[in-house]
Amino acid sequence: MRHDHLLTANQLTREDIELVLDRAAEVDANPASFGQRHAGTLLGLCFFEPSTRTKMSFEAAMKRLGGDVVDMGSVDSSSVKKGESLADTVRVVEGYTDALVLRHPLMGAAKMASEFVDVPLVNAGDGAGHHPTQTLLDLYTIRENAGLDDLTIGIMGDLKYGRTVHSLATALTNFDATQHFVSPESLKLPRSVRYDLHEAGATVREHTDIEEVLPQLDVLYVTRIQRERFPDENEYHRIAGEYQIDAGTLQAASDDLTVMHPLPRVDEIAPEIDGTDYARYFEQAHNGVPVRMALLDLLLEDSA
Amino acid sequence: MRHDHLLTANQLTREDIELVLDRAAEVDANPASFGQRHAGTLLGLCFFEPSTRTKMSFEAAMKRLGGDVVDMGSVDSSSVKKGESLADTVRVVEGYTDALVLRHPLMGAAKMASEFVDVPLVNAGDGAGHHPTQTLLDLYTIRENAGLDDLTIGIMGDLKYGRTVHSLATALTNFDATQHFVSPESLKLPRSVRYDLHEAGATVREHTDIEEVLPQLDVLYVTRIQRERFPDENEYHRIAGEYQIDAGTLQAASDDLTVMHPLPRVDEIAPEIDGTDYARYFEQAHNGVPVRMALLDLLLEDSA
Amino acid sequence: MRHDHLLTANQLTREDIELVLDRAAEVDANPASFGQRHAGTLLGLCFFEPSTRTKMSFEAAMKRLGGDVVDMGSVDSSSVKKGESLADTVRVVEGYTDALVLRHPLMGAAKMASEFVDVPLVNAGDGAGHHPTQTLLDLYTIRENAGLDDLTIGIMGDLKYGRTVHSLATALTNFDATQHFVSPESLKLPRSVRYDLHEAGATVREHTDIEEVLPQLDVLYVTRIQRERFPDENEYHRIAGEYQIDAGTLQAASDDLTVMHPLPRVDEIAPEIDGTDYARYFEQAHNGVPVRMALLDLLLEDSA
């Protein structure tokens, strides 16, 4: 890749994306050939807010490449408590490791941090900002199951606050995809995201009812509707109940439908779907490892 | 072994137990020959409640086999906080790793979790339920010091709530052991455990005074009496004081007596015993590593 | 080294110090030759209080030597909560690992713990006591940048409570150094430290104003003045403001001045210094890895 750091999915061209996904497919096809590729390499984990599965899959990825990690631990036990700036923290950790993964509650933190370090830095989520490796593993899962060409995708749930959804929708504009957005009125796609998608030439449709569009979908991407978005508990239960998927819902779907979810889920997808061929959300989570292996491999290759 | 998972000590036959203990003895005799046996293998640590020494010894065991671990971290920083089910969590972590260790505050959690995963799962304690690797390391320590045949063992302390004790006593019914249980009336062995031991043909005796039985013991297994079991603080101190072992107590013991304790101890065994030949509780703790290495080696061998 | 454990910088002779620093220089010159030197070795991390960067750099050091770590985790999740003694904890962890690093809030903890274990133990800070690896990395940074012979060093900030400063000043008495101490009256060097330095034949000067001495310095070692030392917030701000370094301050310095700081810093050194040739504090932090690699290499070599 022509990048030193991975800060946003937006920075990636179609060629960049395909480079990562092709490498991830190589990993999946022949994991043993990657098993010692970065022996001796240390990846610094700087998680300024908790994120179990992102952290675990970066850790597994680095270890599957033969390397190891050094974890800053929680902010409560770190120098941050003593008033250290983010710039100082990453400059210290940089000296212990060969690459950094940063998670931070504030938007823009990854970009700022990247300006202070010479080793490759990967943004693992910066508040309302970006989480590009989630987008890459989503794209990989779509490509493996439905293909990225001539894709018809439905994205359902909380489209207003869902960072994951905004990144994925934007990334899909690199491909020839028709995007259907399904949400309650109060959780519709923000005007700015809709505008960006239109500017990028995307075919975008919005719905409040999944039944309007389910039969034509290749992929249905479900996200969690968060209780804390609703001032009224009853309102939450009423709305959330309408955006749940169960076996009944999927009777109208194509047999080839791929159901995805960034996890963790609460009630959005009924457990009865888990054992069906539709369910690809655990596979999607597992794809975090080969995709992050591919990304680290490419970044470390370039920085070597 | 014929098992995919290790959920309870009860599931193990005498042959299973001897297979693990023999393998552990091989580890102790020749650790270097195991040092790269599982290079590239990742063990997922899912500890839903804290357990320092169990976690550390599983981690050391996997690393001594040449592999590595990926740790879910504390529940406070995990997706569990967002309402994720145990079944979902283990299905996600399974995709990052080659085997799982699960610790959970609720009885039955390990069994339930094992039904959702394909990789080997080891129960590292599920509330009032089981903790089979503790039993295996106890058996290994007994075998190394006193032998498991014609054994006369005294088990002292909290016999009512002690999960460790119930598992060990049950496992010993596979061997030709005479078991003496020593406790205050209020902390006697539960009726159900006593019944199970009788059903299994065990020779069982109960006492309130260690002096009645100490001279004939090959092994004395001491457990901690927990303050929180007593509504009255003075009552706790009175009782706990009667079930402590010091140099004076052990004057009546055989020279070959092996004193064990699952640790941590508080005041149950006086520090003056630590330097004597009786004291095997640190050796017992250390045996957690070769025994868990043996177990992981056997489970991974079968799943490969 | 003739030592099994590293407990204080005071225990080290000039020859010991040079042995470690020379080995660290070898690491820096040829890190790859150390990359597998301690493959299979496990280092136990026992941190009874948080210390991000010390822990991370020990972890990185052990991993850069080809080994691995087993971390006790936070005290909140450990057996310590159940009332276990320090002596018991280190004796258990010793059985899982090949060497120990101990951090503890109480002075003397490392010495006490070392009496119970057979594996090498390194003191990573014991309250108001010692933190010898910080001193070693400070000495290494001084030697690499200014040399330890004929050194003129200024040590500025909180000289009363600063453990780091006392250890460094004492260690420098092994070399031919002139030491200038710069602090507000209320944070002057304690009488006992001043006495020890004089006894050791050190050339010591005390100042309240950095300008008196800056031009003649080879090294300026800045430390943090902690807010919690001042009953009055305004007094803190007034004093702390006088002991800050910025580009204006350094106009009076030699072009070859090396500015150091144990980090984390708050406002003691203005960010505008970071990009200058004076700034060696990030390099100093990074030196924690080769210096700790050197130390572990020497201790493990001797214990093998």
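User: What makes a residue pair between chain B and chain C count as a polar contact, and how many are there?
Analyst: The rule asks for a pair of N or O atoms within 3.5 Å; within protein, one must be able to donate a hydrogen and the other to accept it, and residues adjacent in sequence count only if both atoms are side-chain atoms. Between chain B and chain C, 11 residue pairs pass, both residues at pLDDT 80 or more. This is a predicted model: local features need pLDDT of at least 70, side-chain atom pairs count only at pLDDT 80 or more, and totals for chains, interfaces and linings use all residues. Side-chain values use heavy atoms, without hydrogens and water.

User: Why is C:Glu84 with B:Arg53 called a salt bridge?
Analyst: A salt bridge needs a side-chain nitrogen of Lys or Arg within 4 Å of a carboxyl oxygen of Asp or Glu. Here the closest N and O atoms are 2.7 Å apart, so the pair qualifies.

User: What is the area buried between chain B and chain C?
Analyst: About 1900 Å², with 54% from carbon and sulfur atoms. Buried area is the accessible area (1.4 Å probe) that two parts lose on being put together, summed over both. In chain B, B:Arg53, B:Met56 and B:Arg64 lose the most area to chain C, together 31% of what that side buries.

Note on methods
Residues are numbered from 1 along each chain as its sequence is written. Chains are lettered from A and ligands numbered from 1 in the order in which they are written.
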